[in-house]
Amino acid sequence: MSTYILRRLLLLVPVILGILFVTFLIKALIPTDAVTALYEGQVTERDAAEAIAAIRAKYNLDRPWHEQFALYVLNAAQGDLGESVRTRRPVLDEIGFRYLNTLKLTFAALAISIVIGVLTGILAAYKRDTWLDVTAMTVSLFGISMPAFFFGLVLILVFSVWLQWLPVIPQGPLALLLPALTLGLIEAAPLARITRSGMIEVLSSDYIRAARAKGVGETTILFAHALPNALLAVVTIIGLQIGSLLGGAFIIEVVFGWPGIGELAVKAIQWRDFVITQAVILVGAGTYVLVNLLVDILYTWIDPRIDYQSS
Amino acid sequence: MFRRTVMAGIVAASLAASATVCAADETTLRFRLGEDPETLYNVQSISLTVSQVLGTYLLDRLVYLDGEGQPAPWLAESWEVSDDQRVVTFTLVEGILFHDGTPLDAEAVKFHFDAVRDPANASPLLPLIGPLEAVEVLDPRRVRFSFSEPYAPFFNILAQGQFGINSPTAVQEHGNLYGRNPVGTGPYRLASWLPGTEIVLERNPDYRQLRSDAVNPGAPHAERIVLSVISEDGVALAALETGELTSAALQADSIDRFVDDPAFNLVIDRNVRNLVFLEFNQRRAPFDDPAFRRAIAHAIDREAAVQAAWSGYAAPALGPLATGIPGYDAAVSEAYGAHFDPALAQELLTELGWTAASGNGVLTKDGQEARFLVRSYSGFVHIERTLAVIQSNLADIGIRADLELSDWGAFYPSLLANDWDMDLMRWTWNDPNVLTSLFRSPGHREALLADPAIDEVLDRCDQLADPVVRADCVSEAQKLLLEATTIVPILSNWNVIASQANVRDYTLDFLGNLIPGDVWIEN
């Protein structure tokens with residue numbers, strides 16, 4: 001298992017290099033950069049020519065792109081992801097606390113989506129073809145179709161403006177509630193449907209019928225016998241959802257002003273600040289790969305028959 | 001002419017109609033920031049957000065612009081300009097301290113300008129200081145600025161937040177981290193900054209209000225100001241409704257919601273420095289002909305654009321300078337601007353040989369159809385709506401306009417190519433040298449043919465440091481630009497702010513910035 005994990009971690013390196021290469025290539029193709037973006041609509045490039053040249057020289061942006069790429073890779077290997085032309089601070093300083101905030105939001109949303117999604121799926125499967133099942137699946141369809149951006153604004157309208165249960169500008173831990181709820185509810189929708197499918201399949205198995213015949217309680221049957229066997233599919237979806245959650249988190253962060261890397265990434269794109277954008281892409285990609293590795297490890301715990309070593 | 005926007009003295013019988021979720025501390029004001037400032041060290045940034053936060057709350061400047069847009073004494077109690085207009089010597093007010101106790105003196109002023117000029121800083125502010133050669137300390141209260149040639153925009157530049165004075169002690173102490181720990185002489189000082197979320201400011205109890213355009217001559221009324229970062233307009237409006245924001249700027253579509261609501265007061269700043277205008281690619285016929293450009297100019301219905309794009313909260317613009325820029329000449333705009341007259345536009349086109357021969361409503365001349373490409377930038381509803389009006393206006397006189405929108409980053413460089421005919425542009429600047437930046441040939445996008453008369457006047461204006469003499473020159477420049485129809489000015493949008501009904505003395509200065517020390521809450 002440890003060899004398997006090491007191999008997966010080492011595979012991260014070519015993935016990261018590939019991502020860096022592609023983003024640098026894209027940057028080379030775009031006609032404007034972070035420096036000209038500084039002056040948009042205020043000072044003409046002609047008037048700012050001297051300053052633009054000085055700033056480009058300071059940040060090595062006047063070098064050919066392959067030289068910039070090599071420099072970046074060398075520095076990144078030593079933990080230096082560069083300095084932003086806009087903020088004039090090391091990118092790691094910008095990203096550090098924001099990454100933690102995004103993780104907080106992502107995992108809070110994940111927790112909500114798992115609790116609500118899995119429980120709803122179990123209930124819908126158990127009460128199959130009843131009004132409960134139909135309602136749950138209709139609502140989940142609504143959730144799958146709903147754009148996160150719009151849903152977030154609706155929740156603010158309902159809970160902050162109409163009901164006034166929460167402030168529009170919340171302070172402290174309360175600030176996480178609505179953003180996590182928005183994202184969590186949306187992600188709960190597909191999870192509910194997958195859990196329901198998995199549970200229906202498992203609940204019709206012989207061993208479940210045998211357990212019922214032996215007089216085992218329904219709660220035990222559902223959670224101790226059926227759910228673990230339906231979990232493999234659910235965990236697969238959860239793993240895939242991390243990517244969706246991270247992307248959704250970006251949108252939610254903008255709507256709610258949650259200070260994560262998503263909000264920073266949106267700003268960085270407007271600023272055409274590639275140093276920040278690259279760092280966010282790297283962090284996002286690295287997170288996704290690591291989480292998927294964790295999910296794969298989780299499989300072996302759920303189903304001890306799974307063995308990566310021999311494969 | 002700037003009209004100072006003052007709160008109407010409406011005394012609300014009760015507080016906001018909708019009950020607030022969390023009753024705000026009456027001595028805490030909460031305002032919105034559309035984005036988190038990337039830094040609060042003005043040497044490192046030319047961003048308007050940075051300039052606004054620093055200039056409104058934290059840093060004072062040597063001068064401010066009075067109701068006429070003329071420089072008035074602030075940290076500098078007086079100044080002398082040499083006869084050749086290349087040297088300006090300021091005498092500073094005595095006894096002003098930075099928030100950290102460092103005295104404000106000539107060294108501090110020199111320190112700031114040296115930091116802008118220091119190549120190691122690669123400051124984006126470099127273009128703003130023009131031909132500044134040296135800053136010398138004559139004594140603790142006198143500082144001399146020497147230019148290689150007269151620099152007319154100097155005083156307007158000094159009034160901006162980018163040239164607020166920082167404490168040299170704090171800059172040296174914090175080094176690279178100064179951008180997170182700004183220290184000035186302003187009415188408020190930084191208490192805390194949660195990046196991406198909020199900036200909390202606390203009152204500077206020792207503040208001396210030296211501006212005569214302020215209502216409150218002493219220390220600020222409000223004890224605390226919280227600047228909340230809210231990037232979504234919808235969320236800001238919701239916070240305004242619930243009373244969590246003291247005030248917020250409104251987009252055009254939202255204004256009607258607040259206009260007649262007694263729970264809010266509206267402050268409309270009409271003294272603005274932005275201009276939306278149509279430009280021509282003079283490298284391509286028929287836009288090399290001023291008569292053709294003039295015909296187009298007469299076809300544009302500015303009032304329709306004002307209604308469509310800004311719901312009426314904008315002013316039609318006849319002249320090439322925004323009304324809030326010192327030197328704007330209303331008489332010249334009225335006399336030489338191309339008033340909306342589609343009949344005259346058609347007549348001019350007919351005289352130029354354009355006829356409706358094709359029968360499809362589009363004019364032709366010498367086998368060429370009057371079909372032209374108009375470019376602009378995407379992402380802004382007001383631009384799209386203005387373009388729709390222009391397209392319709394041009395169709396009415398037999399010209400077909402094909403629209404092409406792209407992100408600013410793609411749009412602006414694309415204008416250097418010679419494959420477009422007209423573009424819709426918006427520019428914001430507070431000095432008449434914007435005319436030189438944009439319109440001195442070959443123009444900011446190299447699309448203008450040489451015009452020695454216009455170039456000569458623009459060059460002359462930029463060398464006139466005396467505001468009275470300069471104003472005459474700038475009037476002449478406006479006249480020449482209008483006669484040549486270099487552009488078609490369309491409109492300038494107003495800044496509309498809604499505040500809670502119990503807010504008093506919400507004073508905006510000439511540059512549209514709040515004077516925060518004036519603001520108080522009536523119980």
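How many helices and strands are there in chain B? Chain B has 15 helices and 23 strands, where helices (H or I, at least four residues) and strands (E, at least two) are DSSP runs numbered from the N terminus. The model is predicted: local features need pLDDT of at least 70, side-chain atom pairs count only at pLDDT 80 or more, and totals for chains, interfaces and linings use all residues. Residues are numbered from 1 along each chain as its sequence is written, while chains are lettered from A and ligands numbered from 1 in the order in which they are written.

The radius of gyration of chain B is 25 Å, close to the 24 Å that the globule rule gives for 523 residues, so chain B is as compact as a globular protein of that length. This radius is taken over C-alpha atoms, and the globule rule is 2.2 Å times the number of residues to the power 0.38. The C-alpha trace of chain B spans about 75 × 60 × 40 Å along its principal axes. Of the 523 residues in chain B, 51% are buried. A residue is buried if 20 or more other C-beta atoms lie within 10 Å of its own, exposed if 12 or fewer, and partly exposed in between, with C-beta atoms placed from the backbone. Among the contacts in chain B with a separation of 6 or more, 71% come from residues 24 or more positions apart. Two residues are in contact if their C-beta atoms, placed from the backbone, lie within 7 Å.

An open sheet of four strands in chain B has the order β1-β10-β9-β8, with mixed pairing. Its edge strands are β1 (28-33) and β8 (188-194) of chain B, each of which pairs on one side only. Two strands pair if DSSP finds at least two bridges between them. Neighbouring strands of this sheet are turned by 20° against each other on average, direction ignored. Strand β9 (residues 198-203) and strand β10 (residues 224-229) of chain B run antiparallel and are joined by five bridges. Here B:I199 stands opposite B:L227 in β10(B). Helix α1 (residues 48-58) of chain B packs on the sheet and touches β1, β8, β9 and β10 of chain B. The direction of α1 makes about 135° with that of β8(B). Axes are lines fitted to C-alpha atoms, for helices over the stretch in contact, and angles run from 0 to 180 degrees between N-to-C directions.

The loop between β1 and α1 of chain B holds B:E35. B:E35 counts as partly exposed because it has 17 C-beta neighbours inside 10 Å. Leaving aside neighbours within four places in sequence, B:E35 is in contact with A:K267, B:T49, B:V229 and B:S231.

Strand β5 (residues 87-92) of chain B has two faces. The covered face holds B:V88, B:F90 and B:L92. The uncovered face holds B:V87, B:T89 and B:T91. Strand β4 (residues 76-81) of chain B runs antiparallel to β5(B), with five bridges between them. B:V81 has B:V88 as its bridge partner in β5(B). The hairpin of β4(B) and β5(B) has five residues between the strands, and there B:Q85 takes a positive phi near 60°. Five bridges also join β5(B) to strand β7 (residues 142-147) of chain B, again antiparallel. In β7(B), B:S146 is the bridge partner of B:V87.

The contact between the chains takes 39 residues from chain A and 40 residues from chain B. On the side of chain A that touches chain B, the elements giving two or more residues are α3 (49-58), α7, α10 (218-256) and α11 (261-271) of chain A. That side has 19 nonpolar, eight polar and twelve charged residues. Ala, Val, Leu, Ile, Met, Phe, Trp, Tyr, Cys and Pro count as nonpolar, Asp, Glu, Lys and Arg as charged, and the others, Gly among them, as polar.

Helix α7 (residues 148-162) of chain A and helix α5 (residues 233-241) of chain B pack at an angle of about 5°, with their axes 11 Å apart. α7(A) and α5(B) are therefore roughly parallel to each other; angles under 35 degrees count as roughly parallel, over 145 as roughly antiparallel, 65 to 115 as roughly perpendicular and the rest as oblique. In this contact, A:L153, A:I156, A:L157, A:S160 and A:V161 meet B:G234, B:V235, B:A238 and B:E241.

Seven of the nine residues of α5(B) are buried, so α5(B) is largely enclosed by the rest of the structure. Its buried residues pack against α7 and α10 of chain A, together with β1, β11 (247-250) and β21 (495-500) of chain B. After α5(B) comes B:G243, with a positive phi near 85°.
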